[in-house]
Amino acid sequence: MGYAKGILILMSINIVGVCGVIILTGFTGLFSLGHAGFMSIGAYVAAILTKYFGIPFLLSMLIGGLIASLSSLIVGYPTLRGKLKGDYFAIAMMGFAESIRLLFSNIYPYFNGALGLSGIPLKMNLTTSLIICAIVVYFTFRYLNSQHGKLLISIREQEVAAELIGVNVTKEKLKSLLISAFLCGISGGMMAFYYTYMTPNTFSAELSNNMLAAVVFGGMGSISGPVIATIILTALPELLRAVARWRLVIYGLLMIIVMLFRPEGLLGNKEISLYPFIKRIKKEKKVRDVTIKEGK
Amino acid sequence: MSLLEIENLTVEFGGLKALSNVNLEVNEGDFLGLIGPNGAGKTTLFNAITGVVKPSDGDINFEGKNIKGMRPDKIALRGISRTFQNIRLFPKMKASENVEIGIIRVPQYSIHDAILGLPKQRNKDKENYEQALRHLEQVGILEYKDAYAGELPYGIQRRLEIARAIATNPKILFLDEPAAGMNNDETKDLINFLSKLHKDTGITIVLIEHHLDVVMELCKNIMVLNLGSTLAYGNPKEIQSNPDVIKAYIGERRQKTNV
């Protein structure tokens, strides 16, 4: 049971991080290869605050998220103001994440350099992580389905037109980057309190790639798609443990197959919703009521 | 005072002068046509006014304020709206959402309003949606409200772009070749629609068009650009009989030479 629990916690941690990438990549259309950097900042800040200063873990996770969010301005302001996009933005973010990793590897007081932090109190249990995950998914859903989300989609679809209509493109992009970095920071904090041990290398480029893969795999412009993709991509390596040697091969093949046959991702820009089902049930009930009445 | 005043506007791309010393005055309620051969600088003039390209010299005054060098979104918020020669819709958004973006522009409620789902958000969203439908009806494409913009037929896309531009409630509307690629019937529809729009709302319109019959029928005044500078300005009759314009459009009769 502990094993399954562990996977569920890992899933919810990943979903929180992926929600951040959904906002930035799925809706604003900015590819980022450096979200692990924000997770790293969130994780270290949260862990240090709780371990050395005894601050309650939820509060320190929030502070970690905020600091990750602020740090995104360092890279976001110059790049987004200069209208950097596409591959260029992705590479700038990759450089940011790498420099964070190297920076943390070389700070010894509190950060403990490349040896990493150990003995972080274990705070993340299944209930807490699921609650945080649910709150974050709800938050993302409300944000992206509001006007704010619509403006982000318009920027992704046709930036020039959006700007000439009067949308402050730089400001909206920065807002989405700030929120995205905040969510990744929270995800990092959750990771710290679950693993209880981390080194700067925990937050390597691979982690960023996995999150980006989940969003592309699930569908750009969808929220439920990437969430489902995250669940699959987190569970898959565990399910494939039986065929350990072929694990990565199967993982890679699956990615290629999905991209070949559904280049828009699992769900494209659609959402899975219960609404059609509810509607159908209501309709059937109505029909049944009517037939009962007529039968009398 | 005129709505838009352009003085000695010059735009350079490297060594090429796309526009040199263009002067133009647009009054409120005008319907101005902008014609000229390809490469005359018509679209560049639009781009300079809407802030896409930075003019190297000259002034652009809109409602008495110099808007030269301002950011495009700031200029748009002042009440200048435009459409594009090559359609620029938001293809993966529904037709109604495309128009909604034109209405929203700057978020009308904060992020925490959105997250908490306060009535303020729901009312605003509903209001915008209804207004978007009104604009779609105005241009006569209400039946396409739920279709994705990228999947619409070409003529409808053109109209949708106009609907989106009108939705920003502009003081002046720049239309860049709205009849491009349209057949005769569609063009006639467009002429009727634009003259009705101008009559109903009194909005100031500046129109670039290669279909001269459209320009001649709609516009009160016409400006002819050639090679980046003003060739002629006047009402349609004057333009049609202007020898310079005929020369630029059709060419000169070749002189008989003795060989």
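Helices (H or I, at least four residues) and strands (E, at least two) are DSSP runs, numbered from the N terminus. The views below show a predicted model: local features need pLDDT of at least 70, side-chain atom pairs count only at pLDDT 80 or more, and totals for chains, interfaces and linings use all residues. Residues are numbered from 1 along each chain as its sequence is written, while chains are lettered from A and ligands numbered from 1 in the order in which they are written.

Figure 1. An unreviewed UniProt entry lists "transmembrane region" for residues 7-33, 53-76, 88-108, 120-141, 177-197, 212-236 and 248-267 of chain A. UniProt positions follow the numbering used here, feature names are shortened, and annotations may be inferred rather than shown by experiment. Take residues 7-33 of chain A: the span is 78% helix and 0% strand. Its end C-alpha atoms are 24 Å apart.

**Figure 2. Chain A as a whole.** Chain A has 12 helices and two strands. From the N terminus, the order is α-α-α-α-β-α-α-α-α-β-α-α-α-α. Along the principal axes, the C-alpha atoms of chain A fill a box of roughly 80 × 55 × 40 Å. Of its 296 residues, 49% count as buried. A residue is buried if 20 or more other C-beta atoms lie within 10 Å of its own, exposed if 12 or fewer, and partly exposed in between; C-beta atoms are placed from the backbone.

**Figure 3. Where chain A touches chain B.** The contact takes 24 residues from chain A and 30 residues from chain B. Two residues are in contact if their C-beta atoms, placed from the backbone, lie within 7 Å. On the chain A side, the elements that give two or more residues are helix H5 (126-144), helix H6 (147-157) and helix H7 (159-165). H6(A) gives the most, with seven residues.

**Figure 4. The largest nonpolar core.** This core has 155 residues. A nonpolar core is a set of buried Ala, Val, Leu, Ile, Met, Phe, Trp, Tyr and Cys residues joined through C-beta atoms within 7 Å. Among those with the most contacts inside the core are A:Val16, A:Met190 and B:Leu207. B:Leu207 touches B:Leu32, B:Gly33, B:Leu34, B:Leu175, B:Val215, B:Leu218 and B:Cys219, not counting residues up to four places away in sequence.

**Figure 5. Strand S7 of chain B.** Five of the five residues of S7(B) (residues 172-176) are buried, so the strand is largely enclosed by the rest of the structure. Both faces are covered: buried B:Ile172, B:Phe174 and B:Asp176 lie on one side, and buried B:Leu173 and B:Leu175 on the other. Three bridges join S7(B) to strand S6 (residues 80-82) of chain B, and the two run parallel. Two strands pair if DSSP finds at least two bridges between them. B:Arg82 stands opposite B:Phe174 in S7(B). Five bridges join S7(B) to strand S8 (residues 204-208) of chain B, also parallel. B:Asp176 stands opposite B:Ile208 in S8(B).

**Figure 6. An exposed proline in chain B.** B:Pro243 lies in helix H10 (residues 243-250) of chain B. B:Pro243 is exposed because it has 9 other C-beta atoms within 10 Å. The C-alpha atoms of B:Pro243 and B:Ile172 are separated by 31 Å, and the two residues are 71 residues apart along the chain.
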